[in-house]
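Here are my notes on this model, written as numbered points. Have the structure open while you go through them.

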Amino acid sequence: MDLGLGVTSDMASVDPDLLQLQDVPMLSLKPNPYKAHIDELFSQWLSLPETAKMVTTLLEEAKAGSPLSVPGSSFNVNTSMSNSVLPNMFPAVSTPPLSPRSVSGSPRSLMRRHGAGPSSLGSPLKWANEPAKEVIPQFYFHNGPPLPREMAERCLSRINQLFFGHMDGLRVEEFKLLTKEICKLPSFFSTTLFKKIDVDNTGVVTRDQFVRYWIDEKMVTMDLATQIFTVLRQPDKNYLTQDDLKPILRELLATHPGLEFLHSTQEFQERYAETVIYRIFYYINRSGNGHITLRELKRGNLIPAMQHVDEEEDINKVLKYFSYEHFYVIYCKFWELDTDHDFLIDKENLLRYGNHALTYRIVDRIFSQVPRKFTSNVEGKMGYEDFVYFMLSEEDKSSEPSLEYWFKCVDLDGNGVLTPNEMQFFYEEQLHRMECMAQEPVLFEDILCQMVDMIAPEKEWLFTLRDLKRCKLSGSVFNILFNLNKFMAFETRDPFLIRQEREDPTLTEWDRFAHKEYIRLSMEEDGEDASNGSAEVWDESLEAPF
């Protein structure tokens with residue numbers, strides 16, 4: 001077959017690798033003008049007797065397991081025609097012509113010439129199979145998303161306004177407006193933030209110092225919890241301690257209108273600040289190690305409470321952590337039990353709590369420091385901080401910290417499961433007290449069935465902390481075991497009070513208790529004042545004639 005001189009020369013330079021094309025859509029390939037000639041040549045080559053002989057030889061070698069003598073694998077131009085088993089279609093050459101390598105005939109060259117695909121890919125046809133890559137924008141930023149340009153300009157403009165006329169910088173008493181308007185932090189953070197920026201203790205913060213700290217160091221892009229955490233924590237710590245909260249409590253006492261009456265009593269200012277801090281750590285520091293992490297701060301409700309107390313003039317309306325009435329109730333309760341006023345209480349003192357409501361066995365467990373290690377550092381004595389944890393746990397058994405506190409007390413073997421034997425150990429004393437008070441005793445078997453119906457544990461007769469946290473009546477289980485007064489109140493509970501509690505579900509058991517107890521204590525104090533006043537009048541009348 002005569003293909004012409006130009007075709008013969010192109011076919012002689014064809015690269016065999018280009019014949020092994022990947023599967024691609026037919027529409028993506030341009031027609032090859034030499035395809036028909038190559039197919040015809042290949043058909044003729046297959047029909048030659050030499051080709052059939054070569055294929056037969058290869059099959060026999062494959063069956064015998066001997067290495068295949070594939071012709072052309074190590075081709076030598078000088079090899080004689082007698083050493084090759086390939087059929088000879090053209091006397092002038094020893095092998096079939098290669099596919100064209102010239103610029104005019106190569107499919108790869110044609111694609112490159114027309115810009116059909118990138119040359120950097122492994123296969124010249126890979127571009128036809130791959131879809132365009134979608135660029136996903138960055139969605140996580142360690143310190144928050146970057147500040148939009150317009151917002152940054154407005155922020156800088158407002159900063160310039162607040163620093164206008166203060167070329168030397170702002171003093172600490174002038175820093176509160178900047179703290180609230182620019183930083184959006186509670187106003188009682190101003191002193192702490194001021195000292196955080198004024199690292200050299202110069203007494204002033206310049207405009208450049210503030211911009212460097214708040215804008216350049218990306219504080220402005222952080223969420224509020226991270227901002228507060230960063231401002232309060234020490235530079236070398238990744239957690240907050242009780243000492244980190246004391247500066248903001250001091251400023252709150254000095255500036256809040258609802259706490260002005262404490263300015264003349266330094267001791268009660270300190271006690272109030274301590275109580276607030278103890279309450280914060282009781283609810284927020286769930287690990288109980290004295291270190292509040294950023295995760296714990298974000299999961300708690302402390303930041304909304306801080307914002308609330310900053311806006312509310314009546315401190316007693318801020319029920320979370322900051323209420324003065326709540327502090328008053330806790331402190332007066334502790335003072336009543338601490339008969340020698342050494343700011344420590346022992347077992348005998350604690351047994352008088354709640355009109356002798358607790359059993360000896362549960363008080364022993366508390367003083368064995370199973371639920372929480374005492375901070376008093378005095379053997380057999382409970383300090384004020386320890387009492388705050390106890391009282392919050394006793395008066396609000398619906399909260400998770402309280403459930404964990406009492407669960408550790410009742411779990412005698414510490415295996416994480418309350419068994420009937422452990423619960424019976426505590427209930428035996430309750431039963432004895434009921435008999436002594438001429439109350440109709442309730443057998444433990446009946447009590448156990450009642451608790452199982454109430455809690456519905458996953459494993460019958462075995463109570464886990466998870467079971468108790470799922471049930472709203474879990475606190476009653478502990479009252480049944482070791483608080484006789486609350487057990488009897490639960491058995492004879494007033495439907496009117498239950499309905500009243502449901503009308504305002506935002507109030508916790510602690511909120512209701514503290515409110516009633518504050519009214520009682522204030523009435524007692526008023527009564528004492530009245531009696532003292534009448535005595536003074538009587539004394540004066542007696543002394544008048546003289």
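1. The protein chain exposes about 32500 Å², and carbon and sulfur atoms supply 55% of that area. Accessible areas here come from the Shrake-Rupley method with a 1.4 Å probe, and for residues only the protein chains shown count as cover. This is a predicted model, in which local features need pLDDT of at least 70 and side-chain atom pairs count only at pLDDT 80 or more, while totals for chains, interfaces and linings use all residues. Residues are numbered from 1 along each chain as its sequence is written, and side-chain values use heavy atoms, with hydrogens and water left out.

2. On the overall make-up: the protein chain has 25 helices and two strands (DSSP runs numbered from the N terminus, H or I of at least four residues for helices, E of at least two for strands). Of its 546 residues, 38% are buried (buried is under 20% relative accessible area, exposed is over 50%, partly exposed is in between, with a 1.4 Å probe and protein chains only).

3. Now for helix H16 (residues 360-367). Its buried residues are Ile-362, Val-363, Arg-365, Ile-366 and Phe-367, and they pack against helices H15, H17, H18, H19 and H22. After H16 comes Gln-369, with a positive phi near 60 degrees.

4. Ser-393 is in helix H17 (residues 384-395). Is Ser-393 buried or exposed? It counts as buried because its relative accessibility is 0%. Leaving out residues up to four places away in sequence, Ser-393 touches Tyr-282, Ser-402, Tyr-405 and Trp-406.

5. Aromatic pairs come to 35 (rings of Phe, Tyr and Trp, the last by its six-membered ring, with centres within 6.5 Å; planes under 30 degrees apart are stacked, over 60 edge-to-face, the rest tilted). One of them is Phe-327 with Tyr-331, a tilted pair at 5.8 Å centre to centre and 35 degrees between the planes. Tyr-331 also pairs with Trp-335, this time stacked, at 6.1 Å and 15 degrees. Tyr-331 and Trp-335 are four residues apart in helix H14, so about one helical turn separates them. Tyr-331 is buried at 7% relative accessibility, whereas Trp-335 is partly exposed at 37%.

6. Arg-361 sits over Phe-425, 4.3 Å from the ring centre, and Arg-372 sits over Tyr-389 at 3.7 Å.

7. How many salt bridges does the structure hold? There are 25 (a side-chain nitrogen of Lys or Arg within 4 Å of a carboxyl oxygen of Asp or Glu). Among them is Glu-311 with Lys-180, at 3.3 Å from N to O. Glu-311 lies in helix H13 and Lys-180 in helix H6, so this pair ties together parts 131 residues apart in sequence. Glu-311 is exposed at 59% relative accessibility, and Lys-180 is partly exposed at 33%.

8. Another salt bridge joins Asp-223 and Lys-298, at 3.6 Å from N to O. Asp-223 is in the loop between helices H8 and H9, Lys-298 is in helix H12, and the two are 75 residues apart. Elsewhere, salt bridges with shared partners join Arg-286, Glu-400, Glu-404 and Lys-469 into one network.

Conventions
Contact means heavy atoms within 4.5 Å. A charge sits over a ring if NZ of Lys or CZ of Arg is within 6 Å of the ring centre and within 35 degrees of the ring normal.
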